[in-house]
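Dear colleague,

My notes on it follow directly after.

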Number of protein chains: 2
Amino acid sequence: MTSPDDIMREFGFDLVATSDRARLGRMRTRHGELQTPAFMPVATQGSVKGLTPSDLRAAGAQIVLANTYHLFLRPGHEVVRELGGLHRFMRWDGPILTDSGGFQVWSLSKLRKISEHGVEFRSHVDGSLRSLSPERCIEIQDALGTDVIHPLDECLAYPATSVQTERSLALTSRWLRRSMEAHRRAKTAGALFGIVQGGTHEDMRRQAVEETCTLGLPGYSIGGLAVGEPKPVMYDMTELCAEMLPRDRPRYLMGVGKPTDLVESVARGIDMFDCVMPTRNARHGQVFTADGPLIIARSRYARDPGPIDPECPCEACRQFSRAYLRHLFAARELLAQRLLSVHNVTFYLELMAAMRRALADGTFQAFRGRFLDRYGAGATEEEAGSESDVDGSLNETA
Amino acid sequence: MTSPDDIMREFGFDLVATSDRARLGRMRTRHGELQTPAFMPVATQGSVKGLTPSDLRAAGAQIVLANTYHLFLRPGHEVVRELGGLHRFMRWDGPILTDSGGFQVWSLSKLRKISEHGVEFRSHVDGSLRSLSPERCIEIQDALGTDVIHPLDECLAYPATSVQTERSLALTSRWLRRSMEAHRRAKTAGALFGIVQGGTHEDMRRQAVEETCTLGLPGYSIGGLAVGEPKPVMYDMTELCAEMLPRDRPRYLMGVGKPTDLVESVARGIDMFDCVMPTRNARHGQVFTADGPLIIARSRYARDPGPIDPECPCEACRQFSRAYLRHLFAARELLAQRLLSVHNVTFYLELMAAMRRALADGTFQAFRGRFLDRYGAGATEEEAGSESDVDGSLNETA
């Protein structure tokens, strides 16, 4: 099941139960176990915006995601290494997954030049000329000391022609082989997942999954979705990839998604997710509830003594009224961003926990129906438009 | 000792020990006791920026200050009353002191027109025309339900001539009498303190103290200092007022100050303080230590694995390195503002606790000398300039 490399790196994955395509699993890393399906709060620059590690634990986080591109530029991976690695630097002692930075190079930096060797770009922080290669990406993640790492890949804009997609896939595939070589040389780097690209072309996706899976990697990440394509296309591509990926390895759908996307993607066989929505939308005043999202700034909440969501166990819901949170948000108080973020992250993690319980009980399909009915009714009634106003595409660009 | 009004309102003050002019005391309010000298973190709009009530408790806060002007404009005192008062609204169950809003009218609003009746001004929030009178100020604070309240006063700019000061003092004095009338009618309003103005004119200050003290109020607040006058003048005026004020009532020095000001003012007989410095300077990256303030953004801290202050018990110092906090600050992460604020508020409250212990032990004068030597050496060595860069005048204008 696991290769010698994986054992050395203390990584493993076990499937515990299934319900149709949905999966309950357990992942082992050198920083502890986690249960899947799992959502990873996003600590872009080594901090989930506004939250401490103990807030994250209280919210139910098992694993967080950090960003190779951002930490490479600031404070620099050598600084993080010198300070004992990212776990020690940010004081999160659970598992950390890092992406390769490929997506951020494409979405954030200017004047990028792509070649067989790698990519040259100007830092969005200070405009300096920087470069990343597959080898350097592994070296950076090795310095960070994270538990699951990713190879440099090319992220295509949506839409892309099949000629563009084919050329890009071939490059990503060559880069993956170089990454694996570098990973073998790096003594302490975490488990290397393969990224499946292929845009929205079925045949390209199939080809990408096949080529990546022959390499026998410890996990597989589905990239290049939630970048502006229609929702049915995203679901179809997710389903197509998940069906082809090996049963005994975890599948991570990168940068997804909204609460309904999480439920629909778990139903299609996905095990891991990350998204900036909970924290970013909180900063814009959108909070999630079992009855759909709501915009806390609305005047109807000005005298509302109830919590955001009476079923939520978070600090914001246990302690504060909608009226107070609305006031803090309107008055641009720091505490609003913190408390709304705590709530949204808790909502996401509670949703994942509820899905895991339903999978363990064999009631996932019923849970899925109930959740979508209730959440969707709230969302369509009056807030669905606002949700997408706040957050057009799910993947982070800042 | 206490008037019938005070007893009804459950307010009291006992002097426990003295050391020269410095005083150790105990204050009773209907939301519990506190020990003086006490520092009040500033919850301008009903929130100490970035901190929850449980953070404040952990930092050692006994009482907080809120702002009548700000809460009157947003969310409005009627909203706060409807939601059960300010304690319940912001979930702080300890004592709350409110100022009258006089200072904010002068420093924040535009087009103000002052008359015998009160003051008309344009809201800094939405430009609407608003007015405050002595009676309305009491009514607002009654709605907020705070424990110590203040009368509307006129705050003079520094410098002011003695003619201006005399005219202003007379108005403040007439407004105080109207405030006391309104306070007698308000059934639930907290203990009304008298504000002593008088600018930087010794004779005016003496006159102000004499006139105010004849009214037999439960406590006295020294206003109109820390508004740009030289430090020796502030200390002299503080000493002059404190010497004349009755021994058996608490003295509150409004809007002061830096750590050294707190020690020097306690030495001159002050019992209570408030200042936005701990939170505002934190947001600008200045943190306080026993060896003087430091600017966390400095490159020398980029690889510093130690805490801000090894003697500090706060969450930021127990958990995180200077290197990590510097990174968060440089990367403009929300968590930087939160953690640096937690540290600075804790530093201020620990300083007050240390002064109280020294007063109880009879070692206050030795403590004062040691603190000033050590803190001052750090401050003058290299950070004193930065401290005043970050914060020119102590009193808040936003």
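The phi of Arg332(A) is near 55 degrees, a positive value in a residue other than glycine. Most residues other than glycine have a negative phi, and most peptide bonds are trans.

Before going further, please note that this is a predicted model, in which local features need pLDDT of at least 70 and side-chain atom pairs count only at pLDDT 80 or more, while totals for chains, interfaces and linings use all residues. Residues are numbered from 1 along each chain as its sequence is written, chains are lettered from A and ligands numbered from 1 in the order in which they are written, and side-chain values use heavy atoms, with hydrogens and water left out.

Two cis peptide bonds also deserve a mention. One runs from Thr36(A) to Pro37(A), with omega near 5 degrees; Pro37(A) is placed in the loop between β3 and β4 (38–40) of chain A. Another runs from Val256(B) to Gly257(B), with omega near 15 degrees, and Gly257(B) is found in the loop between β15 (251–253) and α11 (259–267) of chain B.

The interface

Chain A gives 40 residues to the contact and chain B gives 39 residues (contact means heavy atoms within 4.5 Å). Between them the two chains bury about 3,400 Å², 57% of it on carbon and sulfur atoms; buried area is the accessible area (1.4 Å probe) that two parts lose on being put together, summed over both. Of the area that chain A buries against chain B, 19% is supplied by Arg303(A), His327(A) and Leu334(A), more than by any other three residues.

How many salt bridges link chain A and chain B? The count is six, a salt bridge being a side-chain nitrogen of Lys or Arg within 4 Å of a carboxyl oxygen of Asp or Glu. Arg338(A) forms a salt bridge with Asp55(B), with the closest N and O atoms 2.6 Å apart.

On the side of chain A that touches chain B, the elements giving two or more residues are α2 (53–59), α4 (77–82), α5 (86–90), α13 (315–319), α14 (322–330) and α15 (334–361) of chain A.

The sheets

In chain A, an open sheet of three strands has the order β1-β2-β3, with antiparallel pairing (two strands pair if DSSP finds at least two bridges between them). β1 (12–19) and β3 (32–36) of chain A stand at the edges with a single partner strand each, so one side of each is left without a neighbour in the sheet. The twist averages 15 degrees from one strand to the next; axes are lines fitted to C-alpha atoms, for helices over the stretch in contact, and angles run from 0 to 180 degrees between N-to-C directions.

Seven bridges pair β1(A) with β2 (residues 22–29) of chain A in the antiparallel sense, and Asp14(A) has Arg26(A) in β2(A) as its bridge partner. Across β1, β2 and β3 of chain A lies α15(A), running at about 115 degrees to β2(A).

Chain B likewise has an open sheet of three strands in the order β1-β2-β3, with antiparallel pairing. Its edge strands are β1 (12–19) and β3 (32–36) of chain B, each pairing on one side only.

A salt bridge within chain A

Over all chains the count comes to 50 salt bridges. One of them joins Asp271(A) to Arg23(A), with the closest N and O atoms 2.9 Å apart. Asp271(A) lies in the loop between α11 (259–267) and β16 (272–274) of chain A and Arg23(A) in strand β2 of chain A, so the pair ties together parts that are 248 residues apart in sequence.

With kind regards

Definitions and conventions:
Helices (H or I, at least four residues) and strands (E, at least two) are DSSP runs, numbered from the N terminus.
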